[in-house]
Amino acid sequence: CKRSNGRRKIRQWPLDYGVGSLNQAAHVPATMAMNRLLLGHVGYHGIASCETKRNPRDGQLYLIEVNVRIPANFGLADACGVDGSWRLYATLAGIPLGPQPEQVDGRKCMIPFREARASWQRIRRHEASVGAVLRSWRGTRDFGVLSVRDPMPTVALVGRYLGKTLAGQGRLGRGLGAK
């Protein structure tokens with residue numbers, strides 16, 4: 001594991017065990033050390049998303065999972081300044097790379113559809129206010145598939161979602177006796 005960047009989940013969907021819907025670049029030295037030790041021990045080279053959790057009772061850090069694929073929040077690698085997309089492309093194309101830039105902590109990546117669900121549920125459960133949720137979005141620099149510069153992935157995603165929703169309503173209507 002040559003270089004990497006660390007992150008913290010701010011919110012996740014499903015709420016208590018899911019994929020990070022809002023993630024923040026963060027200095028997490030104990031997690032990074034555990035990940036480097038584990039991945040180095042098995043001789044792994046490539047992209048890996050390693051998740052740990054600290055037990056609040058004893059402070060012990062536990063490995064939750066290692067995903068050896070590009071994670072949904074990979075955009076955080078660009079948002080925090082470590083040039084993740086370019087470095088992945090260059091590596092695959094055999095282009096030599098210089099040193100990785102240092103990450104800028106505090107920058108965020110959001111997966112909007114998951115974040116909408118997670119935020120709404122936290123507000124509904126009175127675990128967060130609307131204002132707190134809006135403030136937590138400050139510093140977000142990557143919105144997953146949502147991009148003003150390239151709107152077609154968003155259009156395709158929304159079209160697919162609407163198609164499924166309308167198809168579901170059609171089945172519901174037939175189930176109620178409509179022809």
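This note sets out, point by point, the main features of a predicted model of the protein.

1. **Overall composition.** The protein contains six helices and six strands. Read from the N terminus, these elements follow the order β-β-α-β-β-α-α-β-α-α-β-α. Taken along the principal axes, the box filled by the C-alpha atoms is roughly 60 × 45 × 35 Å.

2. **Burial and surface.** Of the 179 residues in the protein, 29% are buried. As for contacts between residues at least 6 apart in sequence, 54% link residues that are at least 24 apart.

3. Strand β3, covering residues 49–54, pairs with strand β4, covering residues 61–67, in the antiparallel sense and over six bridges. Together β3 and β4 make a hairpin with six residues between them. Within the turn, Gly-59 has a positive phi of about 75°. In a regular strand, side chains alternate between the two faces of the sheet.

4. A search of the whole structure finds five salt bridges. In one of them, the side chain of Glu-51 meets that of Lys-9, with an N to O distance of 2.9 Å. Because Glu-51 belongs to strand β3 and Lys-9 to strand β1 (residues 7–13), this pair ties together parts that are 42 residues apart in sequence. Lys-9 has a relative accessible area of 27%, so this residue is classed as partly exposed.

5. Arg-122 forms a salt bridge with Asp-16, and the closest N and O atoms of the pair are 3.5 Å apart. Arg-122 lies in helix α4, whereas Asp-16 lies in the loop between β1 and β2 (19–25), so the pair ties together parts 106 residues apart in sequence. What is the relative accessible area of Arg-122, and is the residue buried or exposed? The value is 17%, and Arg-122 is therefore buried, the cut-off for this class being under 20%.

6. **A network of charged residues.** A further salt bridge joins the side chains of Glu-127 and Arg-125, at 3.6 Å from N to O. Through salt bridges that share partners, Asp-16, Arg-122, Arg-125 and Glu-127 are joined into one network. Glu-127 is partly exposed, with 43% relative accessibility. Arg-125 likewise has 43% relative accessibility and is partly exposed. Side chains of opposite charge can pair when their charged atoms come close.

7. **Ala-128 in the α4–α5 loop.** Ala-128 is located in the loop that runs between α4 (112–124) and α5 (130–136). The relative accessibility of Ala-128 is 21%, so the residue counts as partly exposed; the class of buried residues ends under 20%. With neighbours within four places in sequence left aside, the contacts of Ala-128 are Arg-122, Ile-123 and Val-133. Between the C-alpha atoms of Ala-128 and Glu-115, which are 13 residues apart along the chain, the separation is 13 Å.

8. **Thr-140 in strand β6.** Thr-140 is part of strand β6, which spans residues 140–142. With a relative accessible area of 14%, Thr-140 is buried. The side chain of Thr-140 reaches the backbone oxygen of Trp-137 at a distance of 2.6 Å. Which residues does Thr-140 contact when its neighbours within four places in sequence are left aside? These are Leu-22, Lys-108, Cys-109 and Met-110.

9. **A nonpolar surface patch.** Phe-113, Phe-143, Val-145, Leu-146, Val-158, Tyr-161, Leu-162 and Leu-166 form a nonpolar patch on the surface. Together these residues have about 690 Å² of accessible area. Helix α6, residues 152–175, gives the most to the patch, with four residues. Leu-162 lies in this helix, α6. The relative accessible area of Leu-162 is 45%, so Leu-162 is partly exposed.

Definitions and conventions:
Residues numbered from 1 in each chain as written. Predicted model: local features only at pLDDT ≥ 70, side-chain atom pairs only at ≥ 80, totals over all residues. Heavy atoms only, no water. Patch = residues over 30% accessible without salt bridge, like charges linked within 9 Å, V, L, I, M, F, W, Y side chains within 5 Å. Areas by Shrake-Rupley, 256 points an atom, 1.4 Å probe, with all protein chains shown as cover. Salt bridge = Lys/Arg side-chain N within 4 Å of Asp/Glu carboxyl O. Helix = DSSP H or I, 4+ residues; strand = E, 2+ residues; numbered from the N terminus. Buried < 20%, exposed > 50% of the residue type's maximum accessible area, 1.4 Å probe, protein only. Polar contact = N/O pair within 3.5 Å; in protein donor to acceptor, adjacent residues only side chain to side chain. Contact = heavy atoms within 4.5 Å. Pairing = 2+ DSSP bridges.
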